[in-house]
Amino acid sequence: MTSNPNNPSNDDDTPKDPLAEMLQNLMGGQGMGNIDPAELAKAAGLPNDPQLLQQMFAQVQAMMSSTSEGPVNWQLAHENARRVAAAGTDPSVNAQQAKEVDEALRLAELWLDPVTDLSATGLIGRAWSRAEWVEATLGTWKRLTEPVANSIANALSNALTQQMPEEMKSMMGGASSMLQNMGGAIFGMQLGQAIGALSAEVVSSTDIGVPLADLEMALLPANVAKFGEGLSLPENDVRLFLAVREAAHARLFVQVPWLRGHLLGAIEAYARGIHIDMSRIEDLARDLDPSNPEGIQEALSQGVFTPERTPVQTAALEKLETALALVEGWVDELTAEATDKVLPSATALRETVRRRRATGGPAEHAFSSLVGLELRPRRLREAATLWATLKEERGIAGRDAIWHHPDLLPTGEDLDDPKGFSERRRLAEASDSEVDDALQKLLSGGYDTTDDAETSDSRDDEKETDDNDPDSPSK
């Protein structure tokens, strides 16, 4: 019997699926028969729920066989994030919870008024479930992760193509588009998993220091209650403290309109420059034993898919971390001032939040491993000290005036030496003023007038000398 190169057969004349044979070759000729799907899912960081896994893999199969708008399958990321968010306990927000959140955020605005020169936002406070947080923030997650996500998806796709035997490439035929979508589907699943898991940890729309939902002020009641577990503090105190933090974030991002774009733009610029080490992915595809889930898990834990940072990227990340620290430090300082005399537990809650922001939760670490970016303000305490120092020197209005323009923002050097910020700024402003004066003089023609006057004075001096000199040629 003649074999069809586009539909190869086994010895028993049973047609063989080209994709199945390709995967078998990629996996050392062993195929998928010895793999426990549950163990493989565990190694890949996916939930160990047979029904959920069946739904996910069925969806992946459908996605891979269809065309995608880009290298990353964002529809799969969205649906997987929703599924993971709803996998645990995610009850809908009831009327009582919505009322409590609204009242807490309204009171938080009143407490903030005396401690900042930035006016209230007028936003309506929202109470979100975890699934609602996913819906409200996924667009920003896409913007933040798309540059590096595209790089990783393309790297995965290229690695699979390069590892494919030449004879298999010709047999794939029309299935090449499916192979191109494979990297995007894999990354979309992983990203959705990370975002869905993060929805169980965040307590508000700005909890990670970046406004994930534009012009929104919201708390997640289920996660606020989870945050307060083990603190031995009244639930209302915890809610109010977190509401003040959320209201302070919202006030800053609404009243300083350039700030959100500044932060998101810095993250995008950082992500666009990330380099993916193709050789590491190729080595994994070549050497991985699929019958050994522990080996898969170890390989993934070593960061084989984690983007590499160049020196330029490291410098960009330092600037980004400084900006995040300034935002978090300002919010931290204002929250402490606003709650100092009205919440007895404010000091303890402040320290709890500081430690939480400094270390990050499991889902935040998973997201960091996936896209190579940590959204944690490492220098929060130094930034809070800087803002407190500026208030002592300049008052509330002078401190908050720093947010008028990005060029006025303190630098990493200022975090190292808060006391010297004003002197360094005075010298810089004096230098800028001299340049501005010189430029204005040049534009108004002042330099030409001066030169003409000096030339005229010089000629008059020469004429006077000639008149007094008997040997002058003019005599």
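## A buried glutamate

Glu-109 counts as buried because its relative accessibility is 10%; buried means under 20% relative accessible area, exposed over 50%, and partly exposed in between, with a 1.4 Å probe and protein chains only. The structure is a predicted model, in which local features need pLDDT of at least 70, side-chain atom pairs count only at pLDDT 80 or more, and totals for chains, interfaces and linings use all residues. Residues are numbered from 1 along each chain as its sequence is written, and side-chain values use heavy atoms, with hydrogens and water left out.

Glu-109 lies in helix α5, residues 95-112. Helices (H or I, at least four residues) and strands (E, at least two) are DSSP runs, numbered from the N terminus. Leaving out residues up to four places away in sequence, Glu-109 touches Ala-120, Thr-121, Gly-122, Met-217, Ala-247 and Arg-251, where contact means heavy atoms within 4.5 Å. Arg-251 is 142 residues from Glu-109 along the chain, yet their C-alpha atoms are separated by 8.8 Å. The side chains of Glu-109 and Arg-251 make a polar contact at 2.5 Å. A polar contact is a pair of N or O atoms within 3.5 Å; within protein, one must be able to donate a hydrogen and the other to accept it, and residues adjacent in sequence count only if both atoms are side-chain atoms.

## The chain as a whole

The chain has 20 helices and 2 strands. Of its 475 residues, 45% are buried. Among contacts in the chain with a separation of 6 or more, 77% join residues 24 or more positions apart.

The chain exposes about 23600 Å², and carbon and sulfur atoms supply 50% of that area. Accessible areas come from the Shrake-Rupley method with a 1.4 Å probe; for residues, only the protein chains shown count as cover.

## Cavities

Rolling a probe the size of a water molecule over the atoms shows where empty space is left. A search of the whole structure finds 4 cavities of 30 Å³ or more. A cavity is a set of points on a 1 Å grid over the protein atoms alone where a 1.4 Å probe fits but cannot get out, and lining residues have an atom within 4 Å of a point. Grid points are joined across faces, edges and corners, and a volume is the space filled by probe spheres set on the points. The largest cavity holds about 60 Å³ of space.

Val-203, Ser-204, Thr-206, Asp-207, Leu-242, Arg-245, Glu-246, His-249, Val-353 and Arg-356 line the largest cavity. Two elements give two or more residues to this lining: α10 (235-255) and α15 (346-359). The largest share, 4 residues, comes from α10. By type, the lining has 3 nonpolar, 3 polar and 4 charged residues. Here Ala, Val, Leu, Ile, Met, Phe, Trp, Tyr, Cys and Pro count as nonpolar, Asp, Glu, Lys and Arg as charged, and the others, Gly among them, as polar.

Asp-207, one of the residues lining the largest cavity, is found in the loop between α8 and β2. Asp-207 counts as buried because its relative accessibility is 9%. Apart from neighbours within four places in sequence, Asp-207 is in contact with Glu-201, Val-202, Arg-356 and Arg-357.

Glu-333 is in helix α14, residues 311-339, and at 13% relative accessibility is buried. Not counting residues up to four places away in sequence, Glu-333 touches Arg-350, Ala-384 and Ala-388.

## Loop residues

Leu-215 lies in the loop between α8 (176-198) and β2 (217-219). Phi of Leu-215 is near 55°, a positive value in a residue other than glycine, and Leu-215 is exposed, with a relative accessible area of 53%. Ser-232, in the loop between α9 (221-228) and α10, also has phi near 55°. Ser-232 counts as exposed because its relative accessibility is 74%.

Leu-233 is in the loop between α9 and α10 and is partly exposed, at 27%. Leu-233 touches Val-238, Ser-345 and Leu-349, not counting residues up to four places away in sequence. Pro-344 is 111 residues from Leu-233 in sequence and 9.9 Å from it in space, C-alpha to C-alpha. Arg-378, in the loop between α16 (362-371) and α17 (380-400), is exposed, with a relative accessible area of 51%. From Arg-378 to Ala-358 the distance is 20 residues in sequence and 5.9 Å in space, C-alpha to C-alpha.

Technical notes: On a 1 Å grid over the protein atoms alone, a cavity is a set of points where a 1.4 Å probe fits but cannot get out, and a pocket is an open set with protein on both sides within 12 Å along at least five of seven lines; lining residues have an atom within 4 Å of a point.
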